[in-house]
Amino acid sequence: MEEKEEAGVMDERIYVALGREIANNKSNLAWVLDNCQGNKICIVLVHRPPQMIPVLGTKFDAATVDEELVRAYREKQKAKTDKILDEYLRICLRKGVQAEKLCVEMNSIEKGIVQMISENKVRKFIMGAASDKHFSTKMEDLRSKKAIFVCQQASATCHIRFTCKGYLIHTREARMDEVRALSALLSDFQRLVTSQSSANLDQDSGGSKRKSEHAEGEEEERTSRTSSSRSASTLSYFGGSEASSSVSVMEEISNRSSPPSLPCSGMGLGMITFLINSTKLWQRLAIQNHKHCE
């Protein structure tokens with residue numbers, strides 16, 4: 001049942017990230033079309049809005065150029081990106097595959113990919129492990145900083161394959177067990193918060209009663225101290241030094257403050273257990289991410 005529910009919210013398309021240079025990305029796209037037959041494919045290209053705007057043969061920072069000029073130039077560059085995506089779709093169509101396109105606008109390519117995976121709940125993703133010039137038959141690890149970033153930061157529910165020059169180089173498996181465990185922890189946290197809120201309401205309703213009892217206790221304590229002082233004065237007057245010492249000891253004991261409370265004394269056992277388990281889970285996920293991307 002859980003798998004069916006997850007399939008309902010997760011996108012079963014295979015998302016493929018390609019670059020602006022079509023010639024340098026054809027081999028990776030060919031690998032996708034040969035190895036992912038029967039799957040829906042979505043071509044992804046991250047478009048970075050230009051920050052340098054050409055004016056009269058010289059480029060200026062976009063912040064120093066007229067807004068209309070910036071907008072016009074960026075729209076022109078965005079149109080070029082759309083044409084590149086359309087060319088990738090034509091390549092797919094020639095192979096008998098009807099693909100979709102997705103343009104992601106962000107200044108950082110790797111961050112744009114990670115955000116796209118999260119927002120679209122992508123379960124299957126393919127991107128380059130490095131540029132073709134870095135390829136070798138012994139290549140087994142990721143060479144691209146972008147690929148390493150995506151491998152480490154992308155959602156754990158996404159199965160990612162990294163290719164180079166038409167070869168599969170590295171695979172990062174989806175880790176559904178850890179995700180389910182985290183979901184269970186979050187459910188426990190919500191339950192604990194709800195229970196704590198109910199307990200706080202009960203405490204508030206009994207607050208006035210406790211304040212009254214506390215005030216009465218302070219009054220009794222002041223009365224007791226006054227009586228002890230009078231008794232001590234009387235005993236001292238009649239030479240009762242031992243009795244006076246006993247009274248002093250009793251006063252010292254009564255004036256001792258209660259031991260300091262522990263930092264987590266206000267937390268219930270359930271909340272403490274939740275914090276410990278969630279910390280262990282995050283540590284395990286971080287270690288696995290590191291191992292997968294080495």
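**Chat about a predicted model**

Me: Where does Asp86 sit?
Reply: Asp86 is in helix α3. Helices here are DSSP runs of H or I with at least four residues, strands are E runs of at least two, and both are numbered from the N terminus.

Me: Before we go on, what kind of model is this?
Reply: This is a predicted model: local features need pLDDT of at least 70, side-chain atom pairs count only at pLDDT 80 or more, and totals for chains, interfaces and linings use all residues. Residues are numbered from 1 along each chain as its sequence is written, and side-chain values use heavy atoms, with hydrogens and water left out.

Me: Back to Asp86. Is it buried, partly exposed or exposed?
Reply: Asp86 is partly exposed, at 27% relative accessible area. The cut-offs: buried is under 20%, exposed is over 50%, and partly exposed is in between, using a 1.4 Å probe and protein chains only.

Me: How far is Asp86 from Lys101?
Reply: They are 15 residues apart in sequence. In space, the distance is 7.8 Å, C-alpha to C-alpha.

Me: OK, what angle do α2 and α3 pack at?
Reply: About 40°, with the axes 11 Å apart. Helix α2 covers residues 22–35 and helix α3 covers 67–94. Axes are lines fitted to C-alpha atoms, for helices over the stretch in contact, and angles run from 0 to 180 degrees between N-to-C directions.

Me: What do you call that orientation of α2 and α3?
Reply: α2 and α3 are oblique to each other. Under 35 degrees counts as roughly parallel, over 145 as roughly antiparallel, 65 to 115 as roughly perpendicular, and the rest as oblique.

Me: Which residues make the contact?
Reply: From α2, they are Ile22, Asn25, Lys26, Leu29 and Leu33. From α3, they are Ile84, Glu87, Tyr88, Ile91 and Cys92. Contact means heavy atoms within 4.5 Å.

Me: How do the residues in the α2 and α3 contact divide up?
Reply: There are 7 nonpolar, 1 polar and 2 charged. Nonpolar covers Ala, Val, Leu, Ile, Met, Phe, Trp, Tyr, Cys and Pro; charged covers Asp, Glu, Lys and Arg; the others, Gly among them, are polar.

Me: Next pair. How do α4 and α5 pack?
Reply: At about 30°, with axes 9 Å apart. α4 is residues 109–119 and α5 is 145–153. That makes α4 roughly parallel to α5. Their crossing is right-handed.

Me: Who meets whom in α4 and α5?
Reply: α4 brings Ile109, Glu110, Lys111, Ile113, Val114 and Ile117. α5 brings Lys146, Phe149, Val150 and Gln153. That contact divides into 6 nonpolar, 1 polar and 3 charged.

Me: Which residues does Ala17 touch?
Reply: Ala17 touches Val44, Ile113, Phe125, Ile126 and Met127, not counting residues up to four places away in sequence. Ala17 is in strand β1, residues 11–17. At 14% relative accessibility, Ala17 is buried.

Me: Last one: how many helices and strands in the protein chain?
Reply: 9 helices and 8 strands. Of the 294 residues, 30% are buried.

Key: A crossing is left-handed if the near helix is turned anticlockwise from the far one by less than a right angle, and right-handed if clockwise.
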